[in-house]
Amino acid sequence: MAVSSLRAPRAHRSNAVHPGAWWIWALGLGTAASRTTNPLLLALLIGVAGYVVAARRTEAPWARSYGAFVKLGLAVIGIRLVFAVFLGSPIPGTHLVVTLPEVPLPDWAQGVRIGGRVTLEGLVFAFYDGLKLATLLICVGAANALASPSRLLKSLPGALYEAGVAVVVAMTFAPNLIADVRRLRAARRLRGRPDSGLRGLLQVGLPVLEGALERSVSLAAAMDARGYGRTAEVPPAVRRATAVLTLGGLIGVCAGTYGLLASSGAGYGLPVLLAGVAAALGGLWLGGRRTVRTRYRPDVWGVRAWLVAASGAAAAAVMVWSGGQDPAALQPPVVPLAMPQLPLWPAAGILVGLLPAFVTPAPHPPTKPTEAAS
């Protein structure tokens with residue numbers, strides 16, 4: 001009688017895509033979504049993000065966050081429609097849907113109403129607006145589902161390492177807490193004890209908090225053993241230059257991003273954004289000299305990472321260019337009501353975002369040992 005264990009082949013680290021590339025790809029799709037209210041283009045963006053996530057996400061705890069972002073996007077659309085119904089809409093309309101009882105308000109509340117006429121044009125405008133925000137949330141959720149937080153932390157500049165550790169610990173606390181609750185509830189069911197209701201919650205809560213405390217103490221000990229928080233001495237001039245470059249770069253990034261998102265600032269937005277990014281990178285490079293740490297097996301930015309990042313950037317660039325060429329196609333009018341059209345070039349640019357589903361390695365299913373007798 002012989003027992004053998006069959007395992008699926010593991011992917012090499014050289015095949016893994018840099019986590020920063022996934023974030024650039026997702027931010028590119030989000031930038032494309034911010035430039036349009038066309039529901040057909042927004043639905044296409046959601047479909048592209050969902051297809052790539054379904055094809056390339058793993059079984060890691062952070063990969064399960066995509067469903068939560070989709071539900072949050074649906075909730076945003078619903079809340080936006082509720083506000084449009086009960087608080088009115090700035091869009092005038094002629095197609096009356098329903099007339100609600102209107103609450104009389106004082107003179108100082110001019111422009112605000114509760115109840116009153118609800119028009120189809122106002123509902124369509126609210127739906128377009130909510131769908132745009134939901135698409136942005138889904139794009140961010142795609143990045144959270146595809147990029148490993150721990151690997152992203154290793155790739156951060158030295159100046160952002162301490163802040164990155166805090167963010168990663170906060171992001172991984174909830175999945176670990178949920179896993180502990182599921183494990184303890186399954187153990188109580190196997191022992192024939194109640195796992196629901198107030199009694200079950202109280203008896204499960206204490207072990208969960210105890211496990212969270214143990215993980216916190218272990219994490220603190222591991223961070224201290226690895227020299228976390230130790231800094232090197234740098235000259236005062238370098239510290240001042242670091243502060244100036246970082247602060248100026250962040251201001252430039254904010255101003256450039258606002259210019260790109262605003263319809264009237266597309267001319268100056270890109271140069272200011274590039275200058276701000278360059279200054280911020282210089283400040284982060286100087287600030288990293290204070291951090292004494294090394295990287296074990298750092299992620300390599302390879303050809304696949306370039307292709308993933310370029311696909312998201314291409315979708316954003318085509319959408320920005322199309323906004324200057326044919327803005328009416330990206331912002332369909334609601335007064336008068338008209339069926340939105342699917343413009344060719346923006347749709348083609350969005351479809352380029354599907355490239356990561358074909359150029360990145362497919363995740364391996366979780367290994368399950370099997371027994372074979374011979």
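**Entry 1: a serine and its neighbours**

I began with Ser 311 and found its place in helix H10 (residues 303–325); helices here are DSSP runs of H or I with at least four residues, numbered from the N terminus. This is a predicted model, so I kept in mind that local features need pLDDT of at least 70 and side-chain atom pairs count only at pLDDT 80 or more, while totals for chains, interfaces and linings use all residues. Residues are numbered from 1 along each chain as its sequence is written, and side-chain values use heavy atoms, with hydrogens and water left out.

Is Ser 311 buried or exposed? I read 1% relative accessibility for Ser 311, so I noted the residue as buried (buried is under 20% relative accessible area, exposed over 50%, partly exposed in between, with a 1.4 Å probe and protein chains only). Leaving out residues up to four places away in sequence, Ser 311 touches Trp 25, Val 352, Gly 353, Leu 355 and Pro 356; contact means heavy atoms within 4.5 Å.

**Entry 2: H1 against H2**

Trp 25 turned up again when I looked at helix H1 (residues 19–34), as one of the residues in its contact with H2. The two helices, H1 and H2, pack at an angle of about 165°, with their axes 9 Å apart. Axes are lines fitted to C-alpha atoms, for helices over the stretch in contact, and angles run from 0 to 180 degrees between N-to-C directions. That angle makes H1 roughly antiparallel to H2 (over 145 degrees is roughly antiparallel, under 35 roughly parallel, 65 to 115 roughly perpendicular, and the rest oblique).

I wrote down the contact of H1 with H2: Trp 22, Trp 25, Leu 29, Ala 32 and Ala 33 on the H1 side, with Leu 42, Leu 45, Val 48, Ala 49, Val 52 and Arg 56 on the H2 side. By class, that contact has 10 nonpolar, no polar and one charged residues. For the classes, Ala, Val, Leu, Ile, Met, Phe, Trp, Tyr, Cys and Pro count as nonpolar, Asp, Glu, Lys and Arg as charged, and the others, Gly among them, as polar.

**Entry 3: H2 against H12**

Next I turned to helix H2 (residues 39–56) and helix H12 (residues 344–351), which pack at about 15° with axes 10 Å apart. That makes H2 roughly parallel to H12. Which residues make the contact? Leu 41, Leu 44, Leu 45 and Val 48 come from H2, and Pro 346, Ala 347, Ile 350 and Leu 351 from H12.

**Entry 4: aromatic pairs**

How many aromatic pairs does the structure hold? I found four, where rings of Phe, Tyr and Trp (its six-membered ring) pair if their centres lie within 6.5 Å, and planes under 30 degrees apart count as stacked, over 60 as edge-to-face and the rest as tilted.

The rings of Tyr 51 and Phe 358 have centres 6.4 Å apart and planes at 35°, so I logged this pair as tilted. Tyr 51 sits in helix H2 and Phe 358 in helix H13 (residues 356–359), 307 residues apart. Tyr 51 is partly exposed at 42% relative accessibility, and Phe 358 is exposed, with a relative accessible area of 59%.

Trp 301 and Trp 306 form an edge-to-face pair, 5.7 Å centre to centre with 75° between the planes. Trp 301 is partly exposed at 29%, while Trp 306 is exposed at 56%.
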